[in-house]
Amino acid sequence: MFELLWLIPALPLAGFLVIALMGGALARRAVAVIGVGSVGAAAIVSVGVAAQFISAPPPGDSLTQVLWAWLEVGLLRPHVALCLDALSVTMILVVTVVGFLILLYSAEFMGDDESYAWFFAYMDLFVASMLILALADNLFFLYLGWEGVGLCSYLLIGFWYKERENARAAMKAFIVTRVGDVGLAVALLLIFTSLGTLQIQEVMRRAAQEWAVGSNTATLAAALLLCGAVGKSAQAPLQTWLPDAMAGPTPVSALIHAATMVTAGVYLIARTNGLFSLAPAVQSVVAIIGVATLLLGGLSALVQRDIKRVLAYSTMSQIGYMFLALGVGAWSAAIFHFATHAFFKSLLFLGAGAVLLATDEQRDMFKLGGLRAEMPYTFWTFVAGAASLAALPLVTGGFYSKDMMLWNAWTSPKGSPWLWLGGALGALITALYAFRMVFLTFFGERKSVVSRRPGPIMRIPMGILAVLSIFAGFLETPGWLGGMDYLSPFLGTALPGLPHAKSQPAMELFLQALTSLLCVSGVLVAYLLFVAHPEVPDRIAAIKAGGWLQGFWFSGWGFDRVYEFIVVKPFVRIALANRGDVVDTLFTGLARANEALHSSLSRTQTGKLRDYALGVVAGAVLAIGIMVLL
Amino acid sequence: MNAVFYISSLVAVIATALVVTRVNVVHALLYLIVSLLAVALIFFVLGAPFVAALEVLIYAGAIMVLFVFVIMMLNLGARGERRQKALLNPSIWIGPGILAIVLLGELVYVLIGQELPPTSGSEVSPKQVSLALFGPYALGVELASVLLLAGLVGAYHLGRRVAPPRAPSKEDP
Amino acid sequence: MAQVPMEHGLYVAGLLFCLGLVGVLVRRDLLFVLMSIEIMLNAAGMAFVVAGAGWQQPDGQIMFIFILTMAAAEVAVGLALIVQFHHHFKTLDADAARRMRG
């Protein structure tokens, strides 16, 4: 099965090529079959590869498949090579399975769109890039996938580019992530110049040998990598693009801006964990960024009116959790949460998509409501997703992954009770906004007409994802609850585990009870505020401080305004000042001078015979004069 | 005999100056004939009777007759004369005049320093000329005949009436 | 026969040449221009004849004959052109034909 590894990125890429090259000639049905089928086939191959990887692990628990040498420039010899280890197995499984489900959903969801073929072409290209990113054996190849997903993100956010706002959002996403990408590119250069290789395992090995813990180079390299990760994963302070990215079609938000691409930063840090271990300062920055973003995103999500923006801020906040876990060295926990988050967040997006489709793109939750009776299937799957997001204890996947991260934040040598407190507070907020969303959308009186209900092709992915988001948690349960651990030892072959903290079952149980209590109370408060007493939030907003806070959080903590002020406006001003292209005046000046010379010379062309004769004679006289006198 | 040379030279120069300044074409042509005859006399005096004869026959004879034909053909009347007068305004003489004087100065300057033999006065007979012409210069004669043929063909081609006569227009080549 | 310094003959030739030159440059009537060109050619031929007389060689006269041939051909073509010009522009003013103005 392993020899088929190359098929995993190749199949979606082939799907992209086929659709892009002959999309116009294909029927919609054929486009859908190729677009969804190629990813589906990749998913089947992934499952097969994963099954073999688990049942019969290759020697050293990792496997490299070198396809061909990409280029050779001095020491730089990146291969087009795929590397399979526990981390990338997890990654490709999630990407292909979730990608397949979302594409299946899109086959119906995008049914009426005029650019149907291009949608699938871009999505296939995205999946291919994401798989390259996940499977890349060296950082150079990884960077190709990294930029590929960025490109697809740009293309798909601006998919409905005929509206100016959407094109603007696409550009914003591209430019803001570019800030981080530059950091990543510089990091690659730094790593290559100081270690002489970009092959990931080799980099880790040599870095551990040559760089001391906390040395400047290691810190710089890790900080630059973090830069790239922060941009891609929409963490503070580069998070502003994600809410605007919701301008794209909902399946795009589900796949790219919830499940896969935005977690590329998490993957990158986990992949290069060796470097981060050598730079403890940067690693604590990762944790701090994580906590900051999870609180920032959560509080912003609390006051949004647009259902997709709530989900966007929620994604930001959940990735903040992953960063927190990465920051305290709980690599496996972060990847665990990545998987459960991919399931429940894409489920939530698909549910939101179904709602939007039913209500003719009514994104304002305050104008929705009462959809529970109208769309029961969507409601129940959505509740499953929201419960998992809110981490309702015991029954949801999100609970286990979040719990694992929080417990690690408390016990890890790099963790601290403060980080735990931030995370626990975030859990309360998460529950609050998740169920605010549910209650506003599905409870209360009905305010909009349901014109269309999801068909079977949309229901199947939602159902599967609902099951996954509930049950994926049981891969890893705490000791007192069966103590199942399938994922940690598996990932442990690729990622270093935490030094075994002394077992404190009582403490663990206490903290879990506390967070569970927070989550449940969050749901209850949401019920009180938005169902039982819907006038209370308005009354809070009516207080001056409350209203100000609402506006502040609604605008995503004013980051956009600050960036507008310190970056965009000065840049636009410089651009305006340089409108005439200052450098270009030199060249236009040259051209002008030539033109002036030309016109003054062409004035001698009078067309009169006498003048020409006069010129000839004058020249002859001059020439003879020179000959005679000199 | 030296006096003949100088007098002829004076006549030639004056006649030529008059050619250039006349307004009436026929008058100018007559002065030109005078000038050419004077030059023919100079040739004779300098001992070149053959070219003196050619000067009279071909220049003052044949070529001038061509001019007369053309003048008659174009029927240039008094109207042309008035126009000529208007065209010869004094200021346009300045530039060409200066150039010509400079050129003449240069020629004189070149000649002043030279050690040139005086003309002997002895004749270079037509026989000598003919022997040289059809001896070493035979190829030149052939070329001259080709040139005359080309002139003939060219004059014939250009002299045809283009029918129907076209009005001057922008599209004309 | 005359025995004059060769320079004097050449001065006369140069003077005639310069007069012809002034004629070419000043006159706008094409007939005058053509006549002035004849004067210049004649002056050039005269210089050859004078030089030939000075060195007692027939070559000067032979060059004069070639120039004469050339002048004859040139006058034939030039006059034909003048006829066409007059036919076309209804004038002999050379400045009338100035379409090549840049």
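Predicted model: local features only at pLDDT ≥ 70, side-chain atom pairs only at ≥ 80, totals over all residues.
Let me begin with a definition, since much of what follows rests on it: a residue is called buried when its relative accessible area is under 20%, exposed when that area is over 50%, and partly exposed in between, with a 1.4 Å probe and protein chains only. Residues are numbered from 1 along each chain as its sequence is written, chains are lettered from A and ligands numbered from 1 in the order in which they are written, and side-chain values use heavy atoms, with hydrogens and water left out.

I will turn to salt bridges, and by that I mean a side-chain nitrogen of Lys or Arg within 4 Å of a carboxyl oxygen of Asp or Glu. Over all chains, the count by this rule comes to 21 salt bridges. One of them joins the side chains of A:Arg178 and A:Glu147, at 2.8 Å from N to O. This pair links distant parts of the chain, 31 residues apart, with A:Arg178 in helix H6 (residues 164-195) and A:Glu147 in helix H5 (residues 139-157) of chain A; helices here are DSSP runs of H or I with at least four residues, strands are runs of E with at least two, and both are numbered from the N terminus. A:Arg178 counts as partly exposed because its relative accessibility is 27%, whereas A:Glu147 is buried because its relative accessible area is 19%.

Which residues are linked with them in a network of salt bridges? The network takes in A:Lys172, A:Asp244, A:Arg309 and A:Asp560.

Now to the nonpolar cores, each a set of buried Ala, Val, Leu, Ile, Met, Phe, Trp, Tyr and Cys residues joined through side-chain atoms within 4.5 Å. The largest has 206 residues, and those with the most contacts inside it are A:Leu84, A:Phe323 and A:Phe435. Helix H15 (residues 331-358) of chain A gives the most to this core, with 19 residues. A second, separate core of 67 residues includes B:Val25, B:Phe43, C:Ile39 and C:Ala53.

Chain B itself has seven helices and zero strands, and of its 173 residues, 36% count as buried.

How many residues does each chain bring where chain A and chain B are in contact, that is, with heavy atoms within 4.5 Å? Chain A brings nine residues and chain B eight. Between them the two chains bury about 670 Å², 84% of it on carbon and sulfur atoms, where buried area is the accessible area (1.4 Å probe) that two parts lose on being put together, summed over both. On the chain A side, A:Leu614, A:Val621 and A:Val628 lose the most area to chain B, together 59% of what that side buries. Across this interface the rule finds zero salt bridges.

Key
Contact = heavy atoms within 4.5 Å.
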